[in-house]
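Hi,

Here is the structure I promised to pass on. Please have a look, and below it you will find my notes.

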Amino acid sequence: MTMRNLGLSIYPDHSTFEDNANYLKLGHKYGFKRIFMSMLEVQGSIAETKEKYQKIISLGNKLGYQTFLDVSPRLFQKLKIDYHNLSFFHDIGATGLRLDQAFDGATEALMSYNPYNLIIELNMSNNVDYLNNIISYQANVPFIYGCHNFYPQKGTALPYNFFVECSKRFKKFNIHTAAFVTSQIGKMGPWNVTDGLPTLEEDRYLPIQVQAKQLWATNLIDDVIIGNAYASENELKALSKVNPYQLVLHVNYVSNVNNIEKTIVEKPQHFRRGDMNSIVIRSTMPRVTYKSIPNPPHNNEQEFKRGDILIGNDNFGIYKNELQIVLKPHMESRKNKVGEISEDELFLLDFIKPWTKFRLSAK
């Protein structure tokens, strides 16, 4: 199985070593493993650039990060680097290169055989036959990764369906993938417009952990990277608590929820029944596990709305203690409303398909 990681971004040409070092140490505290580092804005001489980037990458390596450098043909020209000799990037300690612009396919394939085992990361945010072309040149596929773009200008990031189409091209070859979420605190990116740095436009103003939940719920993205710097410690902490491997939805309880209902919400490994319906998501095992435990009616006379969490009460016969999440409004006095999914996570219900495993948490 491909491991899923958290990453953060730094911009050495817009910041100080000390600020970046403190950020990397904070990220390390919360389990971050990747650094996206833009070289597109490099201004200094070759020697100055080498020294500056080597210093911060070396610290990242000591903290257990892998650093991917965002590069372009203009940068190769500026630093007098030949595509057939990537020793400059090896010497400064990089793990891989993210190619911001495409070449001809043959070039990327050849670069993937570099003697330093540098990973060649491709831009995923185009729905064209780019990847097939590279692989047709017999690329060294284990050293090919994919990473989406981010978009500093509001209104310009990818729409969801297009994002899925682009990402599927890479997952078809089991290639390691990455995409960006945006901090609501960070103001620094590669350019002088910073309306956030997400891959998906619909993520731009969401809490950062909700953005990550969405990207991982697609099962198309392995690594989630914060695009802008510097995210707050609270944001890093919130991301560190997100389960990359299954969707965990946040629950707000009603005031008179009882103990058995809390147990049914939080303890089981939920999964949606395979024979699905369009009214509710049904998690039926709790009615078996907890069939002998009483559950008197409460909060059961109102119309239930999308995202409400219901549990069958004592009047529901065999369905007592079955958990359901409402998809379409309805009324049913044999069900108790015990809580609701947080409003900013309601759209994530669309990712719960037949047999999808999920968890619920009040934390």
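A contact here means heavy atoms within 4.5 Å. Among contacts in the protein chain between residues at least 6 apart in sequence, 77% join residues at least 24 apart. Please keep in mind that this is a predicted model.

First, the overall picture. The protein chain holds eleven helices and 15 strands, and its C-alpha atoms fill a box of roughly 75 × 45 × 35 Å along the principal axes. Of its 363 residues, 55% count as buried. The chain exposes about 16000 Å², with carbon and sulfur atoms supplying 52% of that area. On the charge side, there are 41 positive and 37 negative side chains, and the centres of the two sets lie 6 Å apart.

Next, the cysteines. A disulfide needs two cysteine sulfur atoms within 2.5 Å, and by this rule the count comes to zero. Cys147 is in no disulfide, as the nearest cysteine sulfur, that of Cys166, is 13 Å away. Seen from Cys166, the closest cysteine sulfur is the one in Cys147, and 13 Å is too far for a bond. Cys147 is buried, with a relative accessible area of 0%, and Cys166 also counts as buried at 0%.

Pro286 sits in helix H11, which covers residues 285–289, and is buried with a relative accessible area of 2%. Leaving aside residues up to four places away in sequence, Pro286 touches Ile264, Pro268, His270, Lys291 and Asn321. Pro268 is 18 residues from Pro286 in sequence, and their C-alpha atoms are 7.2 Å apart in space.

Best wishes

Note on methods: Residues numbered from 1 in each chain as written. Predicted model: local features only at pLDDT ≥ 70, side-chain atom pairs only at ≥ 80, totals over all residues. Heavy atoms only, no water. Buried < 20%, exposed > 50% of the residue type's maximum accessible area, 1.4 Å probe, protein only. Helix = DSSP H or I, 4+ residues; strand = E, 2+ residues; numbered from the N terminus. Areas by Shrake-Rupley, 256 points an atom, 1.4 Å probe, with all protein chains shown as cover. Lys, Arg positive; Asp, Glu negative; His and termini not counted. Charge placed at Lys NZ, Arg CZ, Asp CG, Glu CD.
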